Amino acid sequence: QPSPGDEGIVTVGGSAPATTARTSSGPNGPGTRTPFVFRLRCPNCRQGACISDADYVCDRCDFRVVVHDGIPSLAAPNELYENQCTNTLELPLIDRPCGPLKYLVYLDFLCNERHRRNRFFRHVVNRLPRRESVLDIGCGGGMKIWTRLGAVVGLSNSLTGLRQASLTYSGCVHADLHQGIPFPDESFDYIVACDVVGHFEESVRDMLLAEIHRCLKPGGRFIGVIETIGKLYDVNPELGSAYIDAGIKRAGHIGLEQSTRALQRLAEHDLVCDRLELLGPYPGSVEGFFTQYFEELPARTRLLGLAKLVARVVRHNRIAARLTDSVFGVINSAALWYLGVEWAEGIMVSCQRSTSDHTSQRVQCE
């Protein structure tokens, strides 16, 4: 634990002294940056530690980690992901407007489909205490809301995204998750992984979840958005095949499974899910229907055809688009409530690391 004179100074995986702490306040909460010392598991001997204030040199085998722009690199470049999702994400400022406008902004936040993830993140973060350390796996350009939970380390195979994330996060590491998470056991209070698990084959998913469990402190928490595939594409195989070709494979997803299996997999790795929310079977927003993926989908169902037609009509008017997105959001929420988890195209979970070998899954579905 930090001493009374070291507020904001955190060490991950060890007790080496940290540099002078620097914190700043922003629209998404205080403590945006908190520098601290990394202890990376040596990729050469797998036993020593490469410490950041020692130029990432292993304390056992003297292996030296390559550093790019202050970011230790344990992986080769990956062209597929190098320029994907490299912007730093912020939640909409729903608490700032005053007067009648604030009610419209809040109503938009509650109904608009494009805010479904933001609502989940905000709900979870507002109910968790601030701790010492957070690991954001597959962080892209970073997300400011995680800095409310503690000092954040970004982990990704995209140097472009990490350079952007390093402006917000306390530190970043360039690594290939196929080689595991390069940190010692029980290093983090929280681990975040948004749209990551679906990019790995089945055997690697199990390894990744086992690594998440290993790196969480006892009682630590995993917050994740996991890509899945719903029963809609069993009902309509032609649409399902087009969706897989246009969206899943091109974006780097590999063999997505149904949400029920994804939840079972979490339980098998002693990650006890106590909050679950579902993502809908369609993009759910005007902008979503005109991405390079979904514009190529054939309108094989009446709902999809109607949604694409409405999106074409209103996409050039910002107010009409926002209203339409809110209507899409209400329809998607009602459909998910009626159809259930097997139809979801993704799950958002908050799970606690279990300290027992066998756990029962406790899920609150909303």
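**View 1. Secondary structure and overall composition of the protein chain.** This predicted model contains nine helices and 14 strands in the protein chain. The chain has 366 residues, and 51% of them are buried. Among contacts with a separation of 6 or more, 69% are between residues 24 or more positions apart. The protein chain has an accessible surface of about 17,400 Å², and carbon and sulfur atoms account for 52% of that area.

**View 2. The open sheet S3-S4-S5.** Three strands, in the order S3-S4-S5, make up an open sheet with antiparallel pairing. Between S3 and strand S4 (residues 49-51) the antiparallel pairing runs over three bridges. Which residue of S4 is the bridge partner of Leu 40? The partner of Leu 40 is Cys 50. In general, the strands of a sheet pair through backbone hydrogen bonds, in either a parallel or an antiparallel sense.

**View 3. Strands S9 and S10 with helix H3.** S9 and S10 are paired in the parallel sense, over four bridges. Ser 156 is the residue opposite His 174 of S10. From S9 the chain passes through helix H3 (residues 159-165) and on to S10; this β-α-β crossover is right-handed.

**View 4. The two faces of strand S10.** Strand S10 spans residues 171-174 and is covered on both faces. Gly 171 and Val 173 lie on one side, Cys 172 and His 174 on the other, and all of these are buried. His 174 on this strand is also the residue that Ser 156 stands opposite.

**View 5. Cys 139 and Cys 172.** How many disulfides does the model contain? The count is zero. Cys 139 is in no disulfide, and the cysteine sulfur nearest to it belongs to Cys 172, 5.3 Å away. Cys 172 is likewise in no disulfide, its nearest cysteine sulfur being that of Cys 139 at 5.3 Å. Are the two cysteines buried or exposed? Cys 139 has a relative accessibility of 9% and therefore counts as buried. Cys 172 has 3% relative accessibility and also counts as buried.

**View 6. The aromatic pair Phe 120 and Phe 121.** The model has three aromatic pairs. One of them is Phe 120 with Phe 121, an edge-to-face pair at 6.2 Å centre to centre with 65 degrees between the planes. Phe 120 and Phe 121 are both buried. In general, two numbers describe a pair of aromatic rings: the distance of the centres and the angle of the planes.

**View 7. The aromatic pair Phe 121 and Trp 146.** The ring centres of Phe 121 and Trp 146 are 5.1 Å apart and the planes are at 65 degrees, so this pair is edge-to-face. Which parts of the chain does the pair link? Phe 121 sits in helix H2 (residues 116-126), whereas Trp 146 sits in the loop between strand S8 (133-137) and strand S9 (151-156). The two residues are 25 residues apart, and the pair links distant parts of the chain. Phe 121 and Trp 146 are both buried. Together with Phe 120, these two residues form one aromatic cluster.

Definitions and conventions: Residues are numbered from 1 along each chain as its sequence is written. This is a predicted model: local features need pLDDT of at least 70, side-chain atom pairs count only at pLDDT 80 or more; totals for chains, interfaces and linings use all residues. Side-chain values use heavy atoms; hydrogens and water are left out. Buried means under 20% relative accessible area, exposed over 50%, partly exposed in between (1.4 Å probe, protein chains only). Contact means heavy atoms within 4.5 Å. Accessible areas come from the Shrake-Rupley method with a 1.4 Å probe; for residues, only the protein chains shown count as cover. A disulfide is a pair of cysteine sulfur atoms within 2.5 Å. Rings of Phe, Tyr and Trp (its six-membered ring) pair if their centres lie within 6.5 Å; planes under 30 degrees apart count as stacked, over 60 as edge-to-face and the rest as tilted. Two strands pair if DSSP finds at least two bridges between them. A crossover is right-handed if, with the strands pointing away from the viewer, the path from the first strand over the helix to the second runs clockwise.
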